[in-house]
Amino acid sequence: MLRQAFYGLILSMIFYLLFYGYTKLGLNYNFKRHYPGECRQVTGLDYGSENMEVTQDGLAFITSGMNFPPLSEKYHSFIREKNIRGTIFLYDFKNPKLGASALRFQPSKTFDPATFQPHGISLLEDKAKGEHLLYVVNHVKHGKDRVEKFKFIPRVNELQHLRFFNDSKFLILNDVALIDEDKFYASNCLFFESHFLSLFEHLLLLPLGGLLLVEGNHVTEVVKSLHGPNGVILSKDKR
């Protein structure tokens with residue numbers, strides 16, 4: 001009797017975790033209507049496109065080549081075999097036939113494009129010059145997570161690296177949301193770097209994530225004990 005009850009409990013837990021994963025991934029959603037028209041695939045993008053920011057003029061900056069420790073070894077091997085490098089693509093909604101093109105980097109002493117593995121992105125528009133500021137989560141290859149600051153130079157379609165932000169409070173970052181120049185929120189989505197341990201972190205719903213406020217070189221954890229916080233979105237309402 002006790003054995004049957006134990007098996008029933010285990011099956012119930014497995015069912016709950018599978019159902020939770022199914023709904024969290026949004027596999028139960030099906031959208032049949034599209035506005036303002038039918039969806040179409042953007043050509044020219046590489047593997048691992050994860051996030052994007054769009055200016056009011058319709059320029060989209062898209063991170064690509066995402067790769068960070070908690071992902072499976074199969075995915076890491078795929079990235080290595082294909083020699084996929086992290087980059088940022090530019091796509092113009094006003095000229096969709098051009099597809100997406102990879103932006104060139106102007107490296108600095110503190111930024112090596114070969115170690116760039118981007119994730120979340122946020123931008124601050126310069127409507128007069130079009131030289132927008134981009135802040136990008138970087139899962140540095142063989143290094144600690146940090147946030148890179150770039151300036152977009154439209155004349156040459158290049159990203160000039162300006163500086164980076166790092167702190168001991170940065171764990172496994174996911175997304176950034178700009179408030180002002182050098183002031184932004186960043187989400188700590190995971191605690192463990194190991195794929196095995198991060199999987200348990202998700203399945204057991206461990207509240208090990210949080211939300212950080214970065215103000216220049218000062219970092220404050222403003223929200224603690226979150227389970228896998230993902231994207232960050234700021235309200236435009238200033239009331």
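In an unreviewed entry, UniProt places the feature "active site" at His119; UniProt positions follow the numbering used here, feature names are shortened, and annotations may be inferred rather than shown by experiment. The model is predicted, so local features need pLDDT of at least 70 and side-chain atom pairs count only at pLDDT 80 or more, while totals for chains, interfaces and linings use all residues. Residues are numbered from 1 along each chain as its sequence is written, and side-chain values use heavy atoms, with hydrogens and water left out.

His119 belongs to strand β6, residues 118-124 (helices, H or I of at least four residues, and strands, E of at least two, are DSSP runs numbered from the N terminus). Is His119 buried or exposed? Its relative accessibility is 2%, so His119 counts as buried (buried is under 20% relative accessible area, exposed over 50%, partly exposed in between, with a 1.4 Å probe and protein chains only). Beyond neighbours within four places in sequence, the contacts of His119 include Glu50, His139 and Asn174 (contact means heavy atoms within 4.5 Å).

The unreviewed UniProt entry also places the feature "binding site" at Glu50, Ile121, Asn174, Asp175 and Asn230. These span 181 residues in sequence, yet no two of their C-alpha atoms are more than 12.3 Å apart, so they gather at one spot. Glu50, in the loop between α1 (2-24) and β1 (52-54), is partly exposed at 32%. Asn174, in strand β10 (residues 172-180), is buried at 7%, and among the residues it touches are His119 and Asn230.
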